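Dear colleague,

Please find the structure below, handed over for your review. My notes on its aromatic contacts follow.

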Amino acid sequence: MNTYATVVLAAGKGTRMRSKLHKVLHRLAGSPLLEHVLKAVEAIPSTPIFAPLRASVSTHRPVVVLGHESEQIEAAFGERCHYAIQEEQLGTGHAVLAAREAVDALNPLPDTVLVCYGDTPLVHPDIFAGIVAEHILHKATITFLTARANGPSDFGRIVRDEQGNVQGIVEVKRATEQQLRITEINSGVYCFDRAWLWSALENLPRNPAGEYYLTDLIEIASQQGREIATVEGTLDETIGINNRLQLAQAEQVLRQRILERHMYAGVTILDPATTYIDDEVEIGCDTVLLPNTILTGRTVIGAECSIGPSTTIDQSVVGSRCSIRNSVVEEATLEDDVRVGPFSHCRPGAHLASGVYLGNYAEVKNSYLGPQTQMHHFSYVGDATVGSGANISAGSITSNFDGKAKHRTIIGEGAFIGCDTTLVAPVTVGDRAYTGAGAVVNRDVPADTLVVGVPARFLRSLKQEEDASATASEKQ
């Protein structure tokens, strides 16, 4: 069985980012740059283009070449990758050679080495798969990715002979005026025959800058009469991130891809220009996103929802047929048929069961609201469990913090919390109990009981009242 290994180069200092954070850990559409590269590489075997090779070609965990602040990356990605250290940064050829020990320790030993950069996050899995497939099927020594530039660029130019055979890659600094007019550029993704690669890198001469460039291998292979193949991609896939401006440019490209992906999958986005969706967000069919909607983290939204306008949802699960208007939902769970807002806030730990209604300017934190519960405007529920069918009227709050510790409130099924009620935790309001408007409840309220006042006191038994009413009806 043929085997390939992936080497991801991530040893650069990234000084132009002006940051304490390693360059490849800066986020793009919610995920680190390196995460995008790893996801694309890991998806190679599942791509349609790779299907004919799936049964005969295997792979390994990627080898990431580190240098500057390597502990940050190892802490972020752990055992997902193998790691190699480039002690000195002496160019891309030197970086790949630093991975030799890690690659040659893999079992089975790979025949092919795929090389890419940790700061080029826009290469699609299909492109990676196409390069590997082209390389293996044509038994090439080198296969690499090219693109077409319509105007001036800083990328190396692909030099070909009259028959179209690749002769080399010339860097912009060394290019002649005629070579600068070449529109085919190098995209920085390569496949190499492993055995040839190590020998070639060991004999690679330093360039005038005193470094070893991977691009010089193309000319060496050409002079040796080796088989060189190319795969053409799109220009946006060549974007490398060296500063914050390029990070923003890549963000625009990736976010447009994400928007298009969801729209093709059946999501209506009324104003793509003001809608931001992170890469890992999932959205069901026939959901409508209104302007100024922001969906971040691993958020999952069901089908037939209406989200927005001016709504932010982060790291949350939202069921089907939900409506969230002008509100913020973070690290929360909303089941089916929930309505929120406008101008409400579901904080971390909020769990709204099926059919819950959360009105204007309402806030829920670390609490469960049972099915069909209604919580009205200017209310706050924190650290609480609310049974099904309860009613929390306008202005009511749980006073969950006593200055030293948080305490829990329990509200039973069918309970009615009157306007401006304060529930001083820890406290339990029983099933079908009522509190009068403005009550301050600092003691447990039994089921089927009405309490009123400050502090709240027993007024009457609703159960007895109900039984009396039922008896009177029978007598009639």
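The structure holds 6 aromatic pairs, where rings of Phe, Tyr and Trp (its six-membered ring) pair if their centres lie within 6.5 Å, and planes under 30 degrees apart count as stacked, over 60 as edge-to-face and the rest as tilted. One of them joins phenylalanine 343 and tyrosine 361, which are stacked at 5.3 Å centre to centre with 20 degrees between the planes. Phenylalanine 343 sits in the loop between strand 25 (339-340) and strand 26 (345-346), and tyrosine 361 in the loop between strand 28 (357-358) and strand 29 (363-365), so this pair ties together parts 18 residues apart in sequence. Strands here are DSSP runs (E, at least two residues), numbered from the N terminus.

This is a predicted model, in which local features need pLDDT of at least 70 and side-chain atom pairs count only at pLDDT 80 or more, while totals for chains, interfaces and linings use all residues. Residues are numbered from 1 along each chain as its sequence is written, and side-chain values use heavy atoms, with hydrogens and water left out.

Tyrosine 361 is partly exposed, at 44% relative accessible area (buried means under 20%, exposed over 50%, partly exposed in between; 1.4 Å probe, protein chains only). Tyrosine 361 also stacks with phenylalanine 378, the ring centres being 5.3 Å apart and the planes at 0 degrees. Phenylalanine 378 lies in the loop between strand 31 (374-375) and strand 32 (380-382), so that pair links parts 17 residues apart in sequence. Phenylalanine 378 is exposed, at 53%.

Elsewhere, Phe144, Tyr190 and Phe192 form one aromatic cluster.

Yours sincerely

Note on methods:
Helix = DSSP H or I, 4+ residues; strand = E, 2+ residues; numbered from the N terminus.
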